[in-house]
Structure formats: C-alpha cells, structure tokens
Amino acid sequence: MKKFYITTAIPYVNARPHIGFALEAVQADVLARYRRELGEEVFFLTGTDENSLKNVQAAEKEGIGPQMFCDRNAKIFYDLKKALNLSFDEFIRTTEKRHFLGAQKLWSACRQEDIYKKKYKGLYCVGCETFYEEKELIQGKCPEHQTAPEVIEEENYFFKLSRYQEKLFKLIESDEYKIIPSTRKNEVLSFIKMGLKDFSISRSKERAHGWGVPVPGDESQIMYVWFDALANYLTALDYNKEGKLYKNYWPADVHVIGKGVIRFHAVYWPAMLLSAGLPLPKELFVHGYITSGGEKMSKSLGNVINPFQLVEKYGADAVRYFLLKYVHPFEDSDFTIEKFEEVYNADLANGLGNLVSRTANLIEKNFDDKIDIGNDREFNLEEVDKSIEDYQFNVAFQIINHSISLLDAYIDEEKPWELIKKDKDQAKRVLSRLTDRILIIAKKLKPFLPQTAEKILKQFTARKIKKGESLFPRI
RNA sequence: CGCGGGGUAGAGCAGUUGGCAGCUCGGCAGGCCCAUAACCUGCAGGUCGUGGGUUCGAGUCCCACCCCCGCAACCA
C-alpha cells in the first residue's frame with residue numbers, strides 16, 4: 001500500500017494559536033484526508049516546539065515552571081484537533097523523552113567533521129537573552145530594552161552548512177526536493193547562491209537556563225532550538241529506536257510550512273539529513289500569511305484572530321471553508337470578519353446549504369419511497385482532485401461552487417414543483433438526478449468540509465430523505 | 001544595486017503553461033415562488049499602476065519607472 005507522511009511545522013507555545021496556524025493545520029488536514037480517501041496509508045503529524053528560551057521567559061513572567069507552562073499551552077494547540085476537526089495521527093511535543101533521544105541520535109548521526117566547536121562573539125542583551133546584530137540596534141542600544149548590549153564570547157558547536165551548498169542547490173533545482181510554489185523555490189535558490197554560512201547549533205547550558213536538549217557527549221551545551229525542532233519530523237516516528245513507524249514512513253512526503261520558516265526547512269533541514277545520511281523529504285509546500293484587516297497580526301495591534309472563537313460562533317466547516325477558499329494557497333491573504341460573514345452567507349448558506357435544503361424538501365414533500373440514484377456519467381468533479389494535488393484549494397471550491405450554481409439553475413429550469421402535478425415520473429427523474437449530483441458533490445467535499453459532507457451523505461442516502469435542519473443558517 | 005510579494009469593475013479578490021477579461025458583495029431590470037427574504041436570467045461598470053519592447057496576439061513574457069507591503073538567518 002502506498003504510504004503518505006505529511007507534517008505541519010510545530011509552533012511555539014508561548015502564544016495562543018492564531019488563525020495562521022489554523023490555516024496550516026487545515027491545509028495539511030485536507031491533504032491527509034484526501035490521501036486516505038484514495039486508500040493510501042497516511043500518517044499526519046503535528047505538534048509543538050517547546051525548547052525555546054522564550055518559553056522559559058514567558059513561564060517566569062507567569063511565575064510558573066517552564067514545563068507546567070508548556071503543558072498548559074501545548075494542550076491548547078492540541079485542542080485545535082477537536083475545534084477544527086483535524087485528523088492528525090500523532091502530536092509530538094519536543095519536551096518528550098522520545099524527542100530528546102531522537103534529536104540526540106540525529107546529532108550523533110551527523111558526519112563528525114560537520115559539527116565543530118568555534119568561539120562566537122556577539123552583542124548580547126541580558127534583558128532579551130538574545131544576540132543582536134549591530135545593525136539591529138538603535139543607536140547602539142537594544143530596541144526592546146534601550147540598554148547597551150554586552151559583548152560576550154562563548155564557545156558553541158557549529159554545523160558545516162557551507163559544505164552542502166552545491167548539493168542543496170542541485171537537489172532543489174532538480175525538484176528532487178521539490179519546493180512549492182516555484183516563487184519560493186527561486187527564493188531559496190537565490191539565497192543558496194549568495195553563499196551559505198555555517199551556523200551555530202548550540203548554546204551554553206547557562207544561557208539556555210538548562211532548558212532544551214543537551215548535546216550528546218557535552219553536558220555543558222544545549223542544542224540550538226531549530227536543530228532539535230526540525231528533528232521532530234523524525235522523532236515522532238520513534239527514530240530513536242528506528243521503530244516501525246520510522247521504517248514505514250520516513251522520508252516525509254510533504255512538509256507544510258509558512259513562509260517565515262522556509263530557510264530552516266529548505267536549507268538547514270535537508271543539510272542536516274544529508275550529513276546524517278538520511279533520505280530527504282520529497283516536497284515542501286509553503287503557504288502565505290494571513291493578514292488581519294490589511295495588517296500583520298500582532299498583539300500590540302490587537303488584531304489577532306483566534307480560531308477557537310470563530311469556530312464557536314460559525315462552526316468548524318465554515319472556518320475551514322474560508323481558509324481554503326478565500327485564503328490564497330501560496331500568497332498572503334487578508335481576513336476580516338465582514339468578509340468572512342459575507343462569504344459564509346453567499347457560498348455556504350445561499351449556495352450549498354440552500355441547494356441541499358430545497359432539494360431535500362421537494363423530495364420529502366412528494367416522494368415517500370426511495371429515490372433511485374441514477375448513474376450520472378456526465379457529472380464528475382475530477383478536476384477537484386487535480387486541484388488538491390496541486391495545492392490549489394481555492395480552485396477546487398471554484399469548481400464545486402460552479403457546480404452548485406448549475407444545479408440551482410437546473411431546478412429553476414425543470415420546475416419540479418410543477419412537474420409533480422403534471423408528470424410525476426419526470427419529477428422523480430429530475431430529483432433523482434439532483435440527488436445523484438449532490439451526493440457526488442458531498443463526496444468531493446469530504447476532505448474539505450468533513451462534517452458537512454457526512455451530513456449530506458447521510459441525508460441523501462437515507463431510506464426517507466428529509467429536509468432537516470439548515471446546514472449553514474444565514475447570519 | 002540585499003531578497004520577495006502586490007497594484008485587475010464602486011468594494012474585496014481569482015486569473016496554471018501568452019489566445020474572445022472572470023468571481024463574490026453592491027447597483028439596475030426581469031423571472032420564479034420548491035428553498036435559509038434564499039434561487040435563476042439579463043444589464044451597467046475595467047485604457048488589467050505608468051512608459052517602452054517581443055509577438056499574428058500580452059493582465060500573462062522582457063526592460064525601465066512610480067506607489068504599497070513583507071522578509072533580512074529562532075514568525076504559521
């Protein structure tokens with residue numbers, strides 16, 4: 001059986017999940033559900049990145065321990081599963097033991113010559129607990145704390161990224177490691193062409209507050225968060241034991257990520273894998289960002305969109321619908337509640353919901369016996385599959401919505417409410433055809449709007465078709 | 001000379017390989033009355049940021065410029 005391993009990036013837990021991560025999770029979910037429908041053996045992974053110093057700092061502010069802080073916040077991310085009806089098979093947290101062991105194993109598996117010690121000197125702000133580049137400073141001072149950073153020197157491990165420059169270029173250019181869309185691929189290629197520098201992959205235990213994955217064989221050092229975070233794609237498969245999951249699913253078929261973390265996934269990650277002698281993932285799908293009212297979402301602007309609130313008010317499928325149809329799969333898109341409600345009414349209530357409603361009502365009122373489902377060969381929505389495979393979720397819905405509109409026109413043309421009085425057989429044929437096509441639409445909707453698809457399938461395959469409640473009540 | 005994205009109807013957006021400019025909302029005029037005041041048909045509205053170029057043909061490819069917005073090596 002063909003396997004399909006798909007992942008999302010793992011978000012930091014120091015902030016609540018926002019609509020942007022919901023987008024990523026839903027996109028990945030559609031791909032996972034689609035593959036399952038095809039009969040493939042799917043493993044869909046998500047999780048949380050918890051070894052960041054930011055978490056330690058955030059925990060301190062709240063006066064609780066970092067582990068407790070992570071436990072509490074990771075749960076909120078896990079709860080997206082229920083809220084958005086996600087179908088992930090596994091949820092990895094990077095504070096788990098299997099992750100520590102796996103990350104250390106990956107470190108040790110890297111070519112010895114690729115990891116070396118070097119003194120690092122930099123401008124360090126004690127308040128932020130982070131290094132700054134000279135040009136990031138404002139008049140020589142930390143932009144956050146308005147204090148002059150200290151020059152500190154520390155010995156860290158470095159990864160010989162420079163060694164992989166040409167190899168990476170070829171792998172990406174040839175699509176052996178395929179980056180989608182092509183604009184992102186070009187971006188990465190031009191970045192690689194500018195020259196890759198070795199990068200630091202550890203920090204002192206002291207500076208990390210002892211939080212994170214210890215470097216194997218050197219207790220004084222903690223792994224750089226990205227080194228361990230990227231390893232999650234392996235460690236969640238029990239890479240440390242090279243267990244069944246690992247053997248079955250690695251390499252990943254698709255990593256779904258946001259544009260902000262592209263370099264780590266397109267450059268660092270494959271280089272680390274090459275160094276460790278492991279197979280590379282096949283595809284990297286990079287989505288855009290969601291702006292809120294034309295601006296970047298930020299706490300200070302107070303325009304962060306909370307997916308839980310949306311789901312509570314409008315339902316999981318309505319949120320999924322917006323993310324898939326009105327967020328461009330590859331580019332930044334804007335979210336406003338006004339637009340959300342507009343498309344909810346136009347497409348879900350007036351479109352899909354109303355079509356289902358009027359059809360079911362005509363059948364319920366006029367036919368007690370079962371409606372035969374015809375064999376409609378002219379009506380197939382095969383282009384929808386192609387769109388999913390190309391990550392064009394918006395196009396998939398263009399096709400589906402168009403078909404809904406055609407069915408509405410078909411009803412108006414045939415006027416089944418009149419036919420029932422004149423020619424009941426013909427009325428039945430019309431409604432049978434409608435039922436048939438609605439069922440085909442519902443099947444195509446399964447990966448996108450799983451709850452709605454299920455409701456429609458149940459409704460129209462029941463012995464007695466009933467109108468029932470509205471799928472999407474108008475707002 | 002750092003990298004990238006955008007500028008398409010009143011508003012918001014889509015336009016994959018160059019081939020009669022589309023969608024949603026809004027406006028106008030009809031139709032229908034099965035349906036969630038929903039549905040269907042038609043009309044009005046665009047010099048596709050500006051100026052050049054390639055081509056039988058450019059929103060789409062090339063060059064220059066103007067305006068907006070991200071990123072710049074721990075952002076989904």
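Me: Where is the place of K415?

Reply: K415 sits in the loop between helix 16 (393–414) and helix 17 (416–422). Helices (H or I, at least four residues) and strands (E, at least two) are DSSP runs, numbered from the N terminus. The model is a predicted one, in which local features need pLDDT of at least 70, side-chain atom pairs count only at pLDDT 80 or more, and totals for chains, interfaces and linings use all residues. Residues are numbered from 1 along each chain as its sequence is written, chains are lettered from A and ligands numbered from 1 in the order in which they are written, and side-chain values use heavy atoms, with hydrogens and water left out.

Me: What is phi of K415 near?

Reply: Phi of K415 is near 45 degrees, a positive value in a residue other than glycine. K415 is partly exposed, with a relative accessible area of 32%. Here buried means under 20% relative accessible area, exposed over 50%, and partly exposed in between (1.4 Å probe, protein chains only).

Me: And what about phi of N85?

Reply: N85 is not a glycine, yet has a positive phi of about 60 degrees. N85 belongs to the loop between helix 4 (80–84) and strand 3 (90–93).

Me: Which peptide bond to P181 is cis, and where is P181?

Reply: The bond from I180 to P181 is cis, with omega near 0 degrees. P181 is placed in the loop between strand 7 (178–180) and helix 7 (182–193). The peptide bond from W250 to P251 is also cis, with omega near 5 degrees, and P251 lies in the loop between helix 10 (244–249) and strand 12.

Me: Let us follow that to strand 12. How many of its residues are buried?

Reply: Five of the five residues of strand 12 (residues 254–258) are buried, so strand 12 is largely enclosed by the rest of the structure. V254, V256 and G258 point one way, H255 and I257 the other way.

Me: Which strands pair with strand 12, and in which sense?

Reply: Strand 1 (residues 3–8) runs parallel to strand 12, joined by three bridges. T7 stands opposite H255 in that pairing. Strand 13 (residues 283–287) also pairs with strand 12 in the parallel sense, over five bridges, and there G258 stands opposite H287. Two strands pair if DSSP finds at least two bridges between them. Strands of a sheet pair through backbone hydrogen bonds, either parallel or antiparallel.

Me: What is the order of the open sheet of three strands?

Reply: The order is 9-11-10, with antiparallel pairing. Strand 9 (202–204) and strand 10 (214–215) stand at the edges, each with a single partner strand, so one side of each has no neighbour in the sheet. Strand 10 and strand 11 (residues 218–223) are paired over two bridges, and V215 has D218 as its bridge partner in strand 11.

Me: New topic: which residues touch the most other members of the largest nonpolar core?

Reply: They are I6, L323, F448 and F460, in a core of 97 residues. Such a core is a set of buried Ala, Val, Leu, Ile, Met, Phe, Trp, Tyr and Cys residues joined through side-chain atoms within 4.5 Å. Apart from it lies another core of 62 residues, including A103, L171, F227 and Y239.

Me: What is F448 in contact with?

Reply: Leaving aside neighbours within four places in sequence, F448 is in contact (heavy atoms within 4.5 Å) with V30, R320, L324, V384, I388, F393, A396 and F397.

Me: How many aromatic pairs are there?

Reply: The structure holds 34 aromatic pairs. Rings of Phe, Tyr and Trp (its six-membered ring) pair if their centres lie within 6.5 Å; planes under 30 degrees apart count as stacked, over 60 as edge-to-face and the rest as tilted. F159 and Y164 form a stacked pair, 6.1 Å centre to centre with 10 degrees between the planes, and both F159 and Y164 are buried.

Me: Why is the pair of F322 and F340 tilted?

Reply: Their ring centres are 5.6 Å apart and their planes at 40 degrees, so the pair of F322 and F340 is tilted. This pair links distant parts of the chain, 18 residues apart: F322 is in helix 13 (residues 316–325) and F340 in helix 14 (residues 337–366). F322 counts as buried at 2% relative accessibility, and F340 is buried with a relative accessible area of 1%.
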